[in-house]
Amino acid sequence: MDIKNQTSGLEHFWSLTADEVKGKLSCDLNGLNAKEAAARLKRYGPNTIKSKKRKSAALLFLSQFKSPITVLLIAAALLSAGLQDLTDAVIILVIVLISSILSFWQEYGAANAVEELLKLVRLNCTVLRNGQKTEISLESVVPGDIVFLSAGDIIPGDSLIIESQEIFVDEAAFTGETYPVEKQGGTVQAATPLSKRSNTLFMGSHVISGKATALVVRTGKATEFGKISSDLQIKAPETDFERGIRKFGYMLMEVTLLLVIVIFAVNVYLHKPVLDSFMFSLALAVGLTPQLLPAIISVNLSAGARRMAKKKVIVKRLSSIENFGSMNILCSDKTGTITEGKVKLKDALDITGAHSDKVLQYAWLNASMQQGFHNPIDTAICNAYHDRGKKFKLQAEVPYDFFRKRLTVQVSDGKQNIAITKGALNAILNVCDSAETADGIIKLSDCREKLTKQYQQLSNNGFRTLGVAYKPADKGVRFSRDDEKGMIFLGFIALFDPPKAGVDITIGKLNSLGVSLKIITGDNALVAASLAMQVGVKDPMVLTGADLHKMSNSALLHRAPATHIFAEVEPDQKERIIAVLKKAGHVVGFMGDGINDAPALHAADVGISVDTAVDVAKEAAEIVLLSNSLDVLIDGIVEGRKTFTNTMKYIFMATSANFGNMFSMAGASLMMPFLPLLPKQILLTNLLQDFPEMAIATDKVDDINIQSPQKWDIRFIRRFMIIFGLLSSVFDYLTFGLLIFLMHANERTFQTGWFTESVISAILIVLVVRTRLPFFKSPPGKLLSIATVLILVFVLIIPALPLSGWLGFGHLPLPYYGWMFLIVALYLFSAELAKRWFYRNLTKR
């Protein structure tokens with residue numbers, strides 16, 4: 001990215017006029033043309049602060065050889081070639097190459113699939129190109145673009161405001177300022193600090209309310225956000241799944257290193273050829289290491305992501321799939337998920353509870369004139385008001401924020417100039433000192449108790465109730481936050497949003513999957529409790545924002561898991577609730593779509609948003625739903641658990657078969673005058689055992705694996721590896737006895753016989769360990785079945801193929817096959833019994 005040229009001559013662009021900046025950027029009010037935009041994108045680079053690029057195909061292929069064990073094996077093979085053993089060296093290198101090509105092919109396909117899915121939820125913005133408004137991705141924005149912004153939009157680059165309409169921006173990431181900052185056109189001094197540049201919009205901030213047209217001056221790493229990010233290089237927190245894979249890798253590394261050193265040392269001590277012993281030890285290490293694990297994980301996760309996409313669930317970060325399946329608490333607002341999301345106006349009432357056209361008119365003026373994010377409440381009010389004879393114009397606005405919980409507009413029709421405030425009842429009453437009745441103005445203190453009772457009655461009936469107030473405003477003086485006092489309370493707006501049909505059944509499905517739903521809402525406790533009872537929650541436990549303020553974290557740690565509804569909460573309290581639930585040992589998902597939901601989405605184990613959410617929420621989420629429905633979410637949870645289960649199947653297969661075989665070989669090499677398998681035969685064994693397991697992503701998953709959340713357990717894996725690995729070794733040693741004492745096998749016959757038994761038993765044991773059920777009750781997927789049969793046939797005919805001599809194989813006596821299949825059958829039967837005992841006893845500890 002050409003950062004220097006982006007800033008050249010524009011180091012203090014906020015001190016220049018819009019025309020001066022346009023001149024320096026060689027652009028005009030018609031925007032850039034497509035050719036110039038493409039040239040600038042090539043020159044300045046994509047508009048992103050992420051330095052990490054996707055690996056090219058060549059680099060991805062070369063990365064398959066980065067394992068130190070693989071590098072040493074290649075070096076040893078080349079050394080062997082230099083010592084005149086060219087055939088063995090070529091065979092070893094060919095097997096390593098085939099294994100690497102398979103791994104590359106799987107990872108490359110997975111990367112392509114994920115890239116296509118991410119395009120479905122790419123953030124876009126509206127710019128002027130060729131004189132026409134055009135929607136493009138944020139990454140395609142370049143200096144000189146004219147961008148159109150409104151509430152909820154992320155600022156795509158450091159920009160100079162050309163024109164604005166009551167625009168307020170959240171710049172907390174830069175300034176630490178809690179309240180939205182008002183922006184407007186003009187110029188400021190070159191030395192003005194960042195927090196005072198009122199004419200500048202910064203990349204990474206987002207619009208709270210209002211509209212603006214701005215000229216993009218800097219993009220990517222040249223922006224203020226890019227400078228901060230390059231210093232911090234914030235990395236996404238490691239998921240439980242990633243942590244488990246890392247610990248699993250360390251465990252295998254320790255076992256492998258110990259095994260290699262001991263086997264090599266003992267073989268040298270027994271006066272076996274040093275080079276052969278070294279290559280044998282390295283081949284053992286390769287055999288013990290699940291080489292395809294990275295590829296299998298990538299393929300499983302990307303296949304899961306594709307299946308989830310078909311269910312209208314888009315995964316932005318693959319590793320979050322495991323957390324999605326492990327989630328046992330889902331926190332969500334009620335609007336649109338539990339309710340229809342189509343708010344309707346019940347009535348506009350004066351302070352006596354009678355219908356009032358004036359209350360409806362003032363509420364409509366407030367809702368229709370405000371320039372912020374038009375929520376369902378404002379839409380409902382606008383749809384309900386029809387008498388729009390008087391023409392009012394907006395004079396000023398104090399946008400809604402989650403601390404004041406109200407919104408004020410100043411409007412005028414040329415004769416009267418009034419400020420109208422609408423919001424949460426207590427927030428409105430707190431700025432009033434009087435109330436309007438049919439007979440005139442009275443003191444608020446004379447009727448406050450009555451107003452509170454009326455509000456409680458409406459709330460108990462399930463109506464969301466807002467207050468409306470007004471006061472005369474001075475003409476020519478812009479109304480501000482400080483002027484919100486001494487207002488006249490006018491009346492109530494009662495709204496309702498009915499629960500979705502069948503949502504109680506959906507919540508029951510969530511519960512049956514081991515996921516409890518907790519509602520976090522800004523609505524009052526009475527409305528939220530009424531809704532909870534409508535959807536089947538009996539005696540809901542409710543905590544309010546006021547309760548949370550009074551509670552210590554230890555008290556909340558005790559109360560939060562048992563609470564059904566968190567009502568009247570503030571944005572920062574959402575984060576606290578999620579943090580406490582996580583501390584209590586739960587895997588927490590948070591579903592949000594609003595401007596104030598981004599921090600909570602970041603804090604959750606799984607941040608979930610919807611495609612219709614504001615940009616800042618979609619950017620913060622790891623999972624994006626294409627439909628705002630709990631049913632879609634349930635489908636995603638099920639697919640997440642399937643993906644996790646299939647990934648774990650490979651872990652179990654690799655640890656049981658590989659560990660058992662390598663342990664057997666290690667022991668046999670110490671007792672026999674020759675190597676039980678040649679290095680090239682070990683590598684071929686590993687390759688053939690891995691081949692069917694590449695189809696594991698498409699395997700069927702038992703219902704028992706879907707019914708409850710699953711978590712990575714390294715102790716469980718270690719126990720599984722030891723028990724099933726040792727069981728495998730028992731039958732390997734039976735095979736050794738058969739070959740030596742019954743068949744009187746020579747070196748070549750022994751190696752051929754054990755290779756055949758080893759591969760066949762390893763691919764068939766997959767059918768047992770892939771399921772907790774008896775294997776005949778859980779048939780494998782189609783691709784896994786086909787791959788297993790193909791490898792089984794190939795192994796049986798290898799001794800008859802011309803290449804068998806190169807591989808060091810010979811013909812086996814016919815009786816051996818009968819004995820071998822008997823041993824394999826006994827192995828499968830014993831593994832089935834061991835599996836039943838293992839899941840009945842060790843999983844409870």
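1. Asp145 is buried, with a relative accessible area of 0%; buried means under 20%, exposed over 50% and partly exposed in between (1.4 Å probe, protein chains only). Its side chain meets that of Arg129 in a salt bridge of 2.8 Å, N to O, a salt bridge being a side-chain nitrogen of Lys or Arg within 4 Å of a carboxyl oxygen of Asp or Glu. The pair links distant parts of the chain, 16 residues apart: Arg129 is in strand β1, and Asp145 is in the loop between β2 (132-137) and β3 (146-150). Arg129 is also buried, at 12%.

2. This is a predicted model, in which local features need pLDDT of at least 70 and side-chain atom pairs count only at pLDDT 80 or more, while totals for chains, interfaces and linings use all residues. Residues are numbered from 1 along each chain as its sequence is written, and side-chain values use heavy atoms, with hydrogens and water left out.

3. The secondary structure comes to 30 helices and 23 strands, taken as DSSP runs numbered from the N terminus (helices H or I, at least four residues; strands E, at least two). Of the 845 residues, 55% count as buried. The protein exposes about 36700 Å², with carbon and sulfur atoms supplying 58% of it; accessible areas come from the Shrake-Rupley method with a 1.4 Å probe, and for residues only the protein chains shown count as cover.

4. The salt-bridge count comes to 20. Lys649 pairs with Asp699, the closest N and O atoms being 2.7 Å apart. Lys649 lies in helix α24 and Asp699 in the loop between α25 (679-693) and α26 (714-742), so the pair ties together parts that are 50 residues apart in sequence. Lys649 is buried at 3% relative accessibility, and Asp699 is buried at 6%. Salt bridges with shared partners join Arg197, Arg218 and Glu224 into one network.

5. Within helix α3 (residues 34-44), Glu36 and Arg40 are four residues apart, about one turn of the helix. Their side chains form a salt bridge of 2.6 Å, N to O. Glu36 is partly exposed, at 31%, whereas Arg40 is buried, at 7%.

6. The largest nonpolar core has 158 residues, and Phe324, Leu330, Trp712 and Phe755 are among those with the most contacts inside it. A nonpolar core is a set of buried Ala, Val, Leu, Ile, Met, Phe, Trp, Tyr and Cys residues joined through side-chain atoms within 4.5 Å. Helix α24 (residues 630-671) gives the largest share of this core, 18 residues. Another core, of 29 residues, lies apart from it and includes Leu365, Met369, Ile381 and Leu490.

7. Helix α18 (residues 525-534) is largely enclosed by the rest of the structure, because seven of its 10 residues are buried. The cover over those buried residues includes α16 (448-460), β16 (464-472), β19 (542-544) and β20 (565-567). Asn524 caps the N-terminal end of α18, with a side-chain oxygen 2.9 Å from the backbone nitrogen of Leu526. Gly536 follows α18 and has a positive phi, near 95 degrees.

8. Gln370 sits in the loop between α13 (357-369) and α14 (376-384) and is buried, at 2% relative accessibility. Leaving aside neighbours within four places in sequence, Gln370 is in contact (heavy atoms within 4.5 Å) with Asp378, Glu397, Leu407 and Val409.

Notes: Polar contact = N/O pair within 3.5 Å; in protein donor to acceptor, adjacent residues only side chain to side chain.
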